[in-house]
Amino acid sequence: MPTPVTLQDRFTNLIHKVTSRIEGRPRDERLERDLNTEFPANGDDFRALFESCEAGIAAGWMCAREAGGIRFGRVIKPGEATHGFSVDVVDMQPIAGPHHRHPNGEIDLIMPLAAGAKFDGREAGWLVYGPGSAHSPTVTQGRALVLYLLPAGAIEFTRT
């Protein structure tokens, strides 16, 4: 009898599909265009990732921590299954999160929960920040989920 696939397994398999296509690629505008073409916001893979995030949050293993009005959590540590990327998911109301730097870049999947919600001024889809970039992640115009892929899990929070 085959082992049943858990929500976490299904989520990891979906992430693997994405990271297998981006492993070793520069984090730049071309990668962003390719992700938005291959995994568009109106496509099956986007919907599957979105639904997996909603199910993970409902089950309590995703976005299990909260600080400053932001629910968040590292869902997968960097490893073979994700081609060296860590996976974090945040659930944000309109708010600016903590300023941080991306030593190796950051790849974001924006999943609005409210019509018109934006992350860093962008609607549903992929957003890529290059190595050395920094920002205060900001959601406006409603609630959104944001999935972060971090090469080698690298992130540096700015001390205040």
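Is Pro-94 buried, partly exposed or exposed? At 48% relative accessibility, Pro-94 counts as partly exposed, where buried means under 20% relative accessible area, exposed means over 50%, and partly exposed lies in between (1.4 Å probe, protein chains only).

A word on the model comes next. This is a predicted model, in which local features need pLDDT of at least 70 and side-chain atom pairs count only at pLDDT 80 or more, while totals for chains, interfaces and linings use all residues. Residues are numbered from 1 along each chain as its sequence is written, and side-chain values use heavy atoms, with hydrogens and water left out.

Pro-94 sits in the loop between strand 3 and strand 4 (95-96); helices (H or I, at least four residues) and strands (E, at least two) are DSSP runs, numbered from the N terminus. Not counting residues up to four places away in sequence, Pro-94 touches Val-139, Thr-140, Gln-141, Gly-142 and Arg-143, contact being heavy atoms within 4.5 Å. Pro-94 and Arg-74 are 20 residues apart in sequence, and their C-alpha atoms are 21 Å apart in space.

Gln-141, one of the residues that Pro-94 touches, deserves a look of its own. Most residues other than glycine have a negative phi. Gln-141 is not a glycine, yet its phi is positive, about 60 degrees. Gln-141 belongs to the loop between strand 10 (138-140) and strand 11, and at 52% relative accessibility it counts as exposed. Cys-63 also has a positive phi without being glycine, with a value near 55 degrees. Cys-63 is found in the loop between helix 3 and strand 1 (65-67), and with a relative accessible area of 2% it is buried.

**The nonpolar cores**

Now to the interior. A nonpolar core is a set of buried Ala, Val, Leu, Ile, Met, Phe, Trp, Tyr and Cys residues joined through side-chain atoms within 4.5 Å. The largest one has 28 residues, of which Phe-11, Leu-35, Ile-107, Leu-147 and Leu-149 touch the most other members. Two or more residues each come from helix 1 (7-22), helix 2 (29-38), helix 3, strand 3, strand 6 (106-112), strand 8 (125-129) and strand 11. Helix 3 gives the most, with six residues. A second, separate core has twelve residues, including Val-90, Met-92, Phe-119 and Val-146.

Leu-147 lies in strand 11 and, at 0% relative accessibility, counts as buried. Leaving aside neighbours within four places in sequence, its contacts include Phe-11, Ile-15, Cys-53, Val-87 and Ile-107. Leu-147 and Phe-72 are 75 residues apart in sequence, but 9.8 Å apart in space, C-alpha to C-alpha. For Ile-107, with the neighbours within four places again left aside, the contacts include Ile-22, Leu-31, Leu-35, Trp-126 and Leu-149.

**Aromatic pairs**

The structure holds four aromatic pairs. Rings of Phe, Tyr and Trp (its six-membered ring) pair if their centres lie within 6.5 Å; planes under 30 degrees apart count as stacked, over 60 as edge-to-face and the rest as tilted. Here are two of them:

| Pair | Type | Centre to centre | Between planes |
|---|---|---|---|
| Phe-46 and Phe-50 | edge-to-face | 6.0 Å | 85 degrees |
| Phe-119 and Tyr-148 | edge-to-face | 6.1 Å | 80 degrees |

Phe-119 lies in strand 7 (residues 118-119) and Tyr-148 in strand 11, so this pair ties together parts that are 29 residues apart in sequence. Both Phe-119 and Tyr-148 are buried. Phe-46 and Phe-50 are four residues apart, about one turn of the helix, and both lie in helix 3 (residues 44-59). Both of these Phe residues are buried as well.

**The largest pocket**

Finally, the open space. The largest pocket has a volume of about 380 Å³. On a 1 Å grid over the protein atoms alone, a pocket is an open set of points where a 1.4 Å probe fits, with protein on both sides within 12 Å along at least five of seven lines, and lining residues have an atom within 4 Å of a point. Grid points are joined across faces, edges and corners, and the volume is the space filled by probe spheres set on the points. Of the 18 lining residues, Phe-72, Val-90, Pro-98, Ile-155 and Phe-157 are the closest to the centre of this pocket. Strand 2 (70-76), strand 3 (85-92) and strand 11 (144-151) each give two or more residues to the lining.
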